[in-house]
Amino acid sequence: MDKEVNYQSERQRMVDEQLLSRDITDKRVLDAMRKVPRHLFVPEEHRHLAYSDCPLPIGQNQTISQPYIVALMTQMLALAGQESVLEIGTGSGYQAAVLSLVAREVHTVERHENLAKQALKSINKLDIKNITVHVGDGTRGWPENAPYDAILTTAAAPKVPQPLLDQLADGGRLVIPVGGRIGQYLESWHREGKDFRHKQTVAVAFVPLLGEYGWKDDTWDWL
Ligand code: SAH
């Protein structure tokens, strides 16, 4: 069988067995997960595992999240299609590609220049036009294009970085893993004027968000 066809049927099965069978119900999110070729964001040596129910290494000690977690976080943002979204932690670019299909524009920030370059290559290869990849410390957000209707952080913070709350538009949502080194909870924040409401949801395990308003390189080792 043609390899591409193979990947497509693996992708359909991923959606059926890992997303529909759990609590992913947002049709636009499910459609995006059916479309984005996840295997193109995974290093060659792990490609055969691209549609498995697990995270995978992408180099620089970083990982591409499990498909279910990508879908869940996207669903939690409750996007309708016209939003400007900020992602912190570009990694492979896969989550940004999923977001690009359910929002108007995506700004994504990565601290590792090599990962940002590789992600941009994958995004260009797929001819996706509404993603901008920035290199820098995403714990400061990305003030140039603020405010954002939605912000997604795909690395774990000890607490919510204040700049991210500041850069959230009125009515906007922020989803971020918050906790310690071993595990965190996904938090969902909602801005209403000057008020921020938040709730804790599922337990997760993400790589650290390193930077001015995140973990400091040296503290991470000890906590
Ligand atoms: N969303 C990615 C997975 C991200 S893994 C994907 O779909 O593949 C978390 C990423 O956050 C890593 O690439 C890591 O380098 C990055 N990161 C950690 N701290 C950061 C910071 N302060 N600013 C930007 N990126 C950061």
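Residues are numbered from 1 along each chain as its sequence is written, and side-chain values use heavy atoms, with hydrogens and water left out. Because the model is predicted, local features need pLDDT of at least 70 and side-chain atom pairs count only at pLDDT 80 or more, whereas totals for chains, interfaces and linings use all residues.

Grid points are joined across faces, edges and corners, and a volume is the space filled by probe spheres set on the points. The largest pocket holds about 650 Å³ of space and is lined by 38 residues, of which Gln62, Thr63, Thr154, Ala155 and Val207 lie nearest its centre. Two or more lining residues come from each of strand S2 (62-64), helix H3 (67-76), strand S3 (84-88), helix H4 (94-100) and strand S4 (105-110), where helices (H or I, at least four residues) and strands (E, at least two) are DSSP runs numbered from the N terminus. The greatest contribution to this lining is that of S2, with three residues. By class, the lining comprises 17 nonpolar, 17 polar and four charged residues; here Ala, Val, Leu, Ile, Met, Phe, Trp, Tyr, Cys and Pro count as nonpolar, Asp, Glu, Lys and Arg as charged, and the others, Gly among them, as polar.

Helix H3, one of the elements that line the largest pocket, is mostly covered, since 10 of its 10 residues are buried, that is, under 20% relative accessible area with a 1.4 Å probe and protein chains only (exposed is over 50%, and partly exposed lies in between). Among these buried residues are Pro67, Tyr68 and Met76. Just after H3, Ala78 adopts a positive phi of about 50°. Strand S6 (residues 148-153) is likewise mostly covered, with five of its six residues buried.

S6 takes part in two parallel pairings, strands being counted as paired if DSSP finds at least two bridges between them. With S3 it pairs in the parallel sense over four bridges, and with strand S7 (residues 168-179) S6 also pairs in the parallel sense over four bridges. Ala150 of S6 stands opposite Val85 and also opposite Arg173 in S7.

Two aromatic pairs were found in a search of the whole structure, rings of Phe, Tyr and Trp (its six-membered ring) being paired if their centres lie within 6.5 Å, with planes under 30 degrees apart counted as stacked, over 60 as edge-to-face and the rest as tilted. Tyr7 and Tyr51 form a tilted pair, at 6.2 Å centre to centre and 50° between the planes. Because Tyr7 lies in helix H1 (residues 3-20) and Tyr51 in the loop between helix H2 (27-35) and strand S1 (56-59), this pair ties together parts that are 44 residues apart in sequence. Tyr7 counts as buried at 11% relative accessibility, and Tyr51 does so at 5%.

Most residues other than glycine have a negative phi, and most peptide bonds are trans. Gln60, in the loop between S1 and S2, has a positive phi of about 55° although it is not a glycine, and Gln60 is partly exposed, with a relative accessible area of 37%. Asp127, located in the loop between H5 and S5, has a positive phi of about 60°. The peptide bond from Ala146 to Pro147 is cis, with omega near 0°, and Pro147 is placed in the loop between strand S5 (131-135) and S6.

Conventions. On a 1 Å grid over the protein atoms alone, a cavity is a set of points where a 1.4 Å probe fits but cannot get out, and a pocket is an open set with protein on both sides within 12 Å along at least five of seven lines; lining residues have an atom within 4 Å of a point.
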